[in-house]
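Hi everyone, thanks for coming. Please have a look at the sequence and the model on the screen, and then I'll walk you through a few of the residues.

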Amino acid sequence: MPSHSSQNYPFNYTSDIVESLPEYSTGFTITPLTPQNAITSRLQIKFDHQGFNNSFDIGDVVSGKLILSPKSTVKVVRMHIVLSIHEVAKQAGWIVNKYTSHVRELSKFVIPLNLSPLVTSPGYIYEVPFSFQLPEYVSQSPCLHANSDHLRLPPSLGSPPDLNNERNNLENNAARINYRLEATTNIFDDVKKVSHQFASAFNYIHVVPSYTMPDFERNLTGSSFYVNGSVSRRNSLLMSSFEEKFKLEFLNIPFIPMTGASIAALSFILTPPHSVHPPKILELTIKLRAYTHYSVEEPPKVNKFTLMSMKPSATSWTKLDACSFQTVLNLPLMLPQKNKLITPSFASCVISRNYELEVSVTMQGCATSLKICVPVTVVANLIPCLNEWLDPAKLTNSELENNFGKLPDYNAIASPSFGGTSNEVRELLG
């Protein structure tokens, strides 16, 4: 099996590509307890890594260890770990808040024991490995709305209440999606002759899925979005104002990746009065609005991000006919990095997220800016983990199992993109 470096593999470490999940260990690793390896609780979940860019993608293998540190001699009869998705939406009320919660179990793994019961003693650390792979679909969970898009794994959004981080939350933490791992250890009571829970532990992973878009999202890239109108411009030489017609039109609407950048081409056609030259463009501003929907009774939460504000050094106009001029503005679209309020576009049974791009053009002699807004799709990566849109409602059980049991194909797809660095983007802007 060939070894792949971090440049080719979705994790930031060297590993072998696998086609199936690794076998569980048949026993514990037992080491003496020291001040260096001591843990504060009886059970702990420790990850081997936090994924690429501190997040996990569909197809990624999440692995780690369950660490048990008993304070007395106990007989362990069962250990298991569960991964679940918690979607919670909150609606503010006059007296009490109303919560909508949707919890789905992704995976549950029982750790096999060499001996049952396994007698553990104080003064030792017991470690056992675990691992599982993130699927693209929640195949065992029915959709509340019979929408196959809702079966795809949604991205993490906001922070859980027990690890609250207001910088990552929507206003009032109104909607959140968390991936929670919970481990449990059961022991046998020799006196009562029953087994009961001895210790539990939990941890969270951050998920940013990079799947391909369904057909309705793909068609968005071929749609025509434009705005026509007229604007008043003041001629400083003649000390007078005049009206001129304009047309702003997106020639292409690319997906916007969360890492790297893409290019949107904006056509600007201006029809000034006869013998009047088109003006210089003084400023370009690009903003992104994120709409988070979670309730039919309340408007969506809106978050705004300024992607770029620049003053072009020059404006190059091309004469189309006797009266009209055109300039094409290539707009680099780069999202703020390490901002966990930005997620890929998605829709689940409880929460959904869509985006709108706004471009403002300020011309010399104009008191107001010209604006155009267009819906856009944000994706985790321009190279999705799955290169073909799969409708889970049309897949057989065997096809679902084959899809879940293998690591994805990372072949590139054709997509309008600009994979440059921030310095290259600045060079493009001049």
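Let me start with a term: a residue is buried when its relative accessible area is under 20%, exposed when it is over 50%, and partly exposed in between, using a 1.4 Å probe and the protein chains only. By that rule K193 is exposed, because its relative accessibility is 57%.

Before going further, some housekeeping. This is a predicted model, so local features need a pLDDT of at least 70 and side-chain atom pairs count only at pLDDT 80 or more, while totals for chains, interfaces and linings use all residues. Residues are numbered from 1 along each chain as its sequence is written, and side-chain values use heavy atoms, with hydrogens and water left out.

How confident is the predictor? pLDDT is its confidence in each residue, on a scale from 0 to 100. The protein averages 77, and 76% of the residues score at least 70. Residues 20-26 have a pLDDT below 50, and beyond near neighbours in sequence that stretch has 13 contacts in the model. For residues 215-222 the pLDDT is also below 50, with 15 such contacts. A contact here means heavy atoms within 4.5 Å.

Now the overall picture. The protein has three helices and 23 strands; these are DSSP runs numbered from the N terminus, with helices being H or I over at least four residues and strands being E over at least two. Of its 430 residues, 48% count as buried. Among contacts between residues at least 6 apart in sequence, 70% join residues at least 24 apart. The accessible surface comes to about 22,300 Å², of which 51% belongs to carbon and sulfur atoms; that area comes from the Shrake-Rupley method with a 1.4 Å probe, and for residues only the protein chains shown count as cover.

Let's move to the charges. A salt bridge is a side-chain nitrogen of Lys or Arg within 4 Å of a carboxyl oxygen of Asp or Glu. How many salt bridges does a search of the whole structure find? The search finds 10.

One of them joins D190 and K75, with the closest N and O atoms 3.0 Å apart. D190 sits in the loop between β10 (175-189) and β11 (194-205) and K75 in strand β6 (residues 74-91), so this pair ties together parts that are 115 residues apart in sequence. Both partners are partly exposed: D190 has a relative accessible area of 37%, and K75 has 28%.

Another is between R289 and E358, at 2.9 Å from N to O. This pair links distant parts of the chain, with R289 in strand β16 (residues 281-293) and E358 in strand β21 (residues 352-363), 69 residues apart. Here R289 is buried at 17%, and E358 is buried at 6%.

There is also a network: salt bridges that share partners join D162, R180 and E182. Within it, the side chains of R180 and E182 meet at 3.6 Å, N to O. R180 is buried, with a relative accessible area of 17%, whereas E182 is partly exposed at 34%.

So which charged side chain is buried yet has no salt bridge? That one is D57, and the nearest side chain of opposite charge, R152, is 9.9 Å away. For that count, Lys and Arg are positive and Asp and Glu negative, while His and the chain ends are not counted. D57 lies in the loop between β4 (43-47) and β5 (61-68). What D57 does have is a polar contact of 2.3 Å between its side chain and that of S210. A polar contact is a pair of N or O atoms within 3.5 Å; within protein, one must be able to donate a hydrogen and the other to accept it, and residues adjacent in sequence count only if both atoms are side-chain atoms.

Next, R104, which is in strand β7 (residues 98-110). R104 counts as buried, at 3% relative accessibility. Its side chain reaches the backbone oxygen of H150 at 3.4 Å. The C-alpha atoms of R104 and H86 are separated by 6.8 Å, and the two residues are 18 apart along the chain.

Last stop: backbone angles. N173 is not a glycine either, and has a positive phi of about 50°. N173 is in the loop between β9 (124-133) and β10, and is buried at 18%.

Key
pLDDT = per-residue confidence, 0-100.
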